[in-house]
Structure formats: structure tokens, C-alpha cells
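Subject: Structure handover

Hello,

Please find the structure below, followed by notes on what was found in it.

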Amino acid sequence: MEYPDEISEFNERIKSAVSGKPPLERRIWVTSLSHCLRRTALSIYLNTYNPSRSWEARIGSALHGWLGEVVKGAEFEVPVEYELGNGWALVGKVDAVKGDYVLEFKFKGFERKGRTENRSKDNKNRDLEHAEPLKEWVEQLNAYLGMLGKEKGYIYLFDRNGLEFRVFPVDFDDRLFKRFIRRAERVIEAVEDLEDGKFPKWIKTVGNKRWVCNSCVFRPICASIDMEWLKPK
């Protein structure tokens, strides 16, 4: 029997669920493209990625909710989506949109002990006066600007001690956005390799390998395939 496309796709989802293999969600989160693209591909293929599960995400969501309640005057926790083709989409959640401006809130001092020091060798974020936006914050905000068709945004960096803050402007950079989209396309290629039974050795880590790899759930997989230095000594 022939079914409409929507019903056929739904039937396949049911078959996958019954067989124990969850349907592949063809969504790539903006926040997953600033670190290890291999981990992102594996997370999508194995249906394990959930940005709301992380400790930092839970703290951030609570603080964003608090700002939305007490500050008002803007749209908070705004979902965004950008079509990548073939059913794939780049998705995310913007902290706030104020008219033509996209706002991202970052909170210094709520990190897990030792994590900030490991990620920033020059310790530039040791206090609010010397703080600067991290590269990943800028590229993620730039991605949101591109997805929403906006030209300017601001990163608000708060210090939990008295909740003082500094504001950093970010102008949309089309070249940076295209490079970011290319990362998403590479993740799609890696997921397709996995679907074909091939492990994507060619896709690598973006960012600081020390803390990204050491805390990764897929570390044993990479250690056994092509990264022997990850094996316990």
C-alpha cells in the first residue's frame, strides 16, 4: 500500500523504535560545533546529544530564566533554526533578542573547579576587568546572527560576585559564518559515513584537545581506533 510521504516517514520511525534503533534526528546544535566535530557526529548517530543535560547548561538556563523574570523588555530563550538541506538543520537557542540585536549571556565564576584554568592558559578571565569573550562565544553568537539575518549582537559577561557585568559588541562576520556552516556540513558527511558502516577517522577535534578529549564519553572509541595517546597509562 502506498502512503503519503509524511505517513511513510512516520511508519519508518515506528519501525526504528520497535527494533530498538531510535530515528536519526537530523539536527546539529550550534553549541556542538565549537569543540570536537567527531564527538558531534557520533552523538547524532547514536542519538545521545542533549544540550540541556550539561551542568553548565542547567546553570545557564536558570540564570537566563531569572534575567527574563526580573529584566523583561526582550525575548528570552529564543529557538532558532537554519536549513542545511536534505532534511538537516542547524538549531540553537538564543539567550535573548532585543529588536535588531542578538544577546548572549555568559556567567563567570559558575564553572566547575579547574575547568577555566585549563581552558585559558593566559588566564585572561581571572577577573571581570580583564575578561574577554572566548572565541567559541563569538563564533556561536555570529552563527545566531547569520541564522536570524541580524547584523549586530552583544555578549554580556556577568561576574557572580555582585553580578556586575561587561558588554562586548559583535558585528556579523559572513566569512566566519560560512566557515561555521562548513563545520556542520562536515558533521553531516561524518554521520553519513557512520550510516554506511565507516568510521570517520578524518574528522577531528576543534579546540583544546586536553579538556575536550579527557571529558568525552567517546574517548575509548577514539583511543582504540586512531588516538592511542588517549589510552590510560
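Read along the sequence, the elements of the chain follow the order α-β-α-α-β-β-β-α-α-β-β-α-α-α. That makes eight helices and six strands; helices (H or I, at least four residues) and strands (E, at least two) are DSSP runs, numbered from the N terminus.

On provenance: this is a predicted model, in which local features need pLDDT of at least 70 and side-chain atom pairs count only at pLDDT 80 or more, while totals for chains, interfaces and linings use all residues. Residues are numbered from 1 along each chain as its sequence is written, and side-chain values use heavy atoms, with hydrogens and water left out.

Whole chain

Of the 233 residues, 38% count as buried; buried means under 20% relative accessible area, exposed over 50%, and partly exposed in between (1.4 Å probe, protein chains only). The accessible surface of the chain comes to about 14,000 Å², and 51% of that surface belongs to carbon and sulfur atoms. Areas come from the Shrake-Rupley method with a 1.4 Å probe, and for residues only the protein chains shown count as cover. Among contacts with a separation of 6 or more, 59% are between residues 24 or more positions apart; contact means heavy atoms within 4.5 Å.

Helix 2 is mostly covered, with seven of its nine residues buried. The buried residues are Leu37, Arg38, Thr40, Ala41, Leu42, Ser43 and Ile44. Their cover includes strand 1 (27-29), strand 3 (88-98), helix 6 and helix 8 (219-225).

The axes of helix 2 (residues 37-45) and helix 6 (residues 174-195) come within 9 Å and cross at roughly 50 degrees. Axes here are lines fitted to C-alpha atoms, for helices over the stretch in contact, and angles run from 0 to 180 degrees between N-to-C directions. Helix 2 and helix 6 are therefore oblique to each other (angles under 35 degrees count as roughly parallel, over 145 as roughly antiparallel, 65 to 115 as roughly perpendicular and the rest as oblique).

On the helix 2 side, the contact is made by Leu37, Thr40, Ala41, Leu42, Ile44 and Tyr45, and on the helix 6 side by Arg183, Val187, Ala190, Val191, Leu194 and Glu195. By class, the residues of this contact divide into nine nonpolar, one polar and two charged. In this scheme Ala, Val, Leu, Ile, Met, Phe, Trp, Tyr, Cys and Pro count as nonpolar, Asp, Glu, Lys and Arg as charged, and the others, Gly among them, as polar.

Helix 5

Helix 5 also meets helix 6: their axes come within 9 Å and cross at roughly 95 degrees. The two helices are therefore roughly perpendicular to each other. Glu139, Asn142, Ala143, Gly146 and Met147 of helix 5 meet Leu176, Phe177, Phe180 and Arg183 of helix 6. This contact has five nonpolar, two polar and two charged residues.

Glutamine 140 is in helix 5 (residues 135-148) and is buried, at a relative accessible area of 6%. Beyond its neighbours within four places in sequence, glutamine 140 is in contact with Val30, Thr31, Ser34 and Lys106. Serine 32, in the loop between strand 1 and helix 2, is buried with a relative accessible area of 6%. Serine 32 and glutamine 140 are 108 residues apart in sequence and 9.7 Å apart in space, C-alpha to C-alpha.

Lysine 152

Lysine 152 lies in strand 5 (residues 152-159) and is partly exposed, with a relative accessible area of 23%. Leaving aside its neighbours within four places in sequence, its contacts are Asp100, Tyr101, Val102, Leu145, Pro169, Val170 and Asp171. From lysine 152 to phenylalanine 172 the C-alpha distance is 5.7 Å, across 20 residues of sequence.

Backbone points to check

Most residues other than glycine have a negative phi. Asparagine 47, in the loop between helix 2 and helix 3 (55-70), has a positive phi near 60 degrees. Asparagine 47 is partly exposed, at 38% relative accessibility. Glutamate 77, in strand 2 (residues 75-85), has a positive phi near 55 degrees. Glutamate 77 is partly exposed as well, with a relative accessible area of 27%.

Regards
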